[in-house]
Amino acid sequence: MKSSTAVTHYSKFKRFDAKTITQWGLAAAISIASWGAGAQPAADAQTIVMASTTSTEQSGLFGYLLPAFKKASGIDIKVVAVGTGQALDMARRGDADVVFVHDRAAEEKFMAEGYGIKRFPVMYNDFVLIGPATDPAKAKGHDIVEALKKLSASNASFISRGDKSGTNAAELRYWKAAGLADNKGAGYRECGCGMGPALNIASSSGAYVLADRGTWLSFKNRDDLTVLVEGDTKLFNQYGVMVVNPAKHPQVKVAQAQKFVDWVISPAGQTTIAGYKINGQQLFFPNATQ
């Protein structure tokens, strides 16, 4: 709309001398700039920033969920997908309006520090240990702690995200439970990357990796990787959502962020989450009411 207005003004300028053109051009530029500046706050008011995990983004969930929220509310959400630790740090700095993450201990610390208004459970899935189908470390089974002991003993190649994400935090808890926090084996490597890149590295190198099931189900470059450990109750993966506290950061768009929280834990939002499937498999299971 702005560009067509500028073109119309320019066609009128052609009939005047250079001085008039310059004067009119400056006036038009000021007018257009003022119009844009006046419109911007209204547009910004309908956009919020959400700091979230790579799993919610790379699994494709947000591509399915957020358009439904926009249709219901008219609010756009700009997602910054990073590890849970980084997402919470973004919120601590006031660079996000809402956080959607999956590390309960880190979320409770965030709340205790006063950075969130209230934490709501939203959905869950589980973590799985992925590895080559040949399973050289013989890790296959239903006990993640026993599997990690075998990986360490055989110095199997293991790709850790090493990015302070919720998945990374869970992985480190499992190593600690196995008594191997400082002895993960010679094959242990940190990539400092998201879930998708970590899976790509494991695929290309025949390594083991802990992944959230949602990203795994949406991952295409599997080569001979397969799920080796699943079904252990310790692999439960809960997601929570929190509006950033305006008492810490007054610029937070509380009303709009709360609308997202209210929607995502409502029957409409929960049904939308349950409806997201890949090849008939449900990736996330709503549990806001539990």
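# Salt bridges, aromatic pairs and strand pairing

Asp-95 is partly exposed, with 43% relative accessible area; here buried means under 20%, exposed over 50% and partly exposed in between, for a 1.4 Å probe and protein chains only. The model is predicted, so local features are reported only at pLDDT of at least 70 and side-chain atom pairs only at pLDDT 80 or more, while totals for chains, interfaces and linings use all residues. Residues are numbered from 1 along each chain as its sequence is written, and side-chain values rest on heavy atoms, with hydrogens and water left out.

## Salt bridges

Across the whole structure, a search finds 13 salt bridges, each defined as a side-chain nitrogen of Lys or Arg within 4 Å of a carboxyl oxygen of Asp or Glu. Asp-95 takes part in one of them, meeting the side chain of Arg-93 at 3.1 Å from N to O. Another joins Lys-234 to Asp-232, where the closest N and O atoms are 3.1 Å apart.

A further salt bridge brings together the side chains of Asp-103 and Arg-173, at 3.9 Å from N to O. Because Asp-103 lies in the loop between E3 and helix H6 (104-112) and Arg-173 in helix H8, this pair ties together parts that are 70 residues apart in sequence. Helices (H or I, at least four residues) and strands (E, at least two) are DSSP runs numbered from the N terminus.

| Residue | Relative accessible area | Class |
|---|---|---|
| Arg-93 | 51% | exposed |
| Asp-103 | 10% | buried |
| Arg-173 | 45% | partly exposed |
| Lys-234 | 39% | partly exposed |
| Asp-232 | 10% | buried |

## Aromatic residues

Turning to the rings, the search of the whole structure finds 14 aromatic pairs. Rings of Phe, Tyr and Trp (its six-membered ring) pair if their centres lie within 6.5 Å, and planes under 30 degrees apart count as stacked, over 60 as edge-to-face and the rest as tilted. Phe-158 and Tyr-188 are stacked, because their ring centres are 5.7 Å apart and their planes stand at 5°. This pair links distant parts of the chain, with Phe-158 in strand E5 (residues 158-160) and Tyr-188 in strand E6 (residues 188-190), 30 residues apart. Both Phe-158 and Tyr-188 are buried.

Tyr-188 also forms an edge-to-face pair with Trp-175, at 5.8 Å centre to centre and 85° between the planes. Here again distant parts of the chain are linked: Trp-175 belongs to helix H8 (residues 166-177) and Tyr-188 to strand E6, 13 residues apart. Trp-175 is buried, as is Tyr-188.

A charge sits over a ring if NZ of Lys or CZ of Arg is within 6 Å of the ring centre and within 35 degrees of the ring normal. Lys-248 has its charged end over the ring of Tyr-115, 4.7 Å from the centre. Elsewhere, one aromatic cluster is formed by Phe-62, Phe-69, Phe-100, Tyr-239, Phe-260, Trp-263 and Phe-284.

## Strand pairing

Strand E1 (residues 47-52) runs parallel to strand E2 (residues 76-81), and 6 bridges join them; two strands pair if DSSP finds at least two bridges between them. Val-49 has Lys-78 as its bridge partner in E2. E1 also pairs in the parallel sense with strand E3 (residues 98-101), over 3 bridges. In E3, Val-98 is the bridge partner of Met-50.
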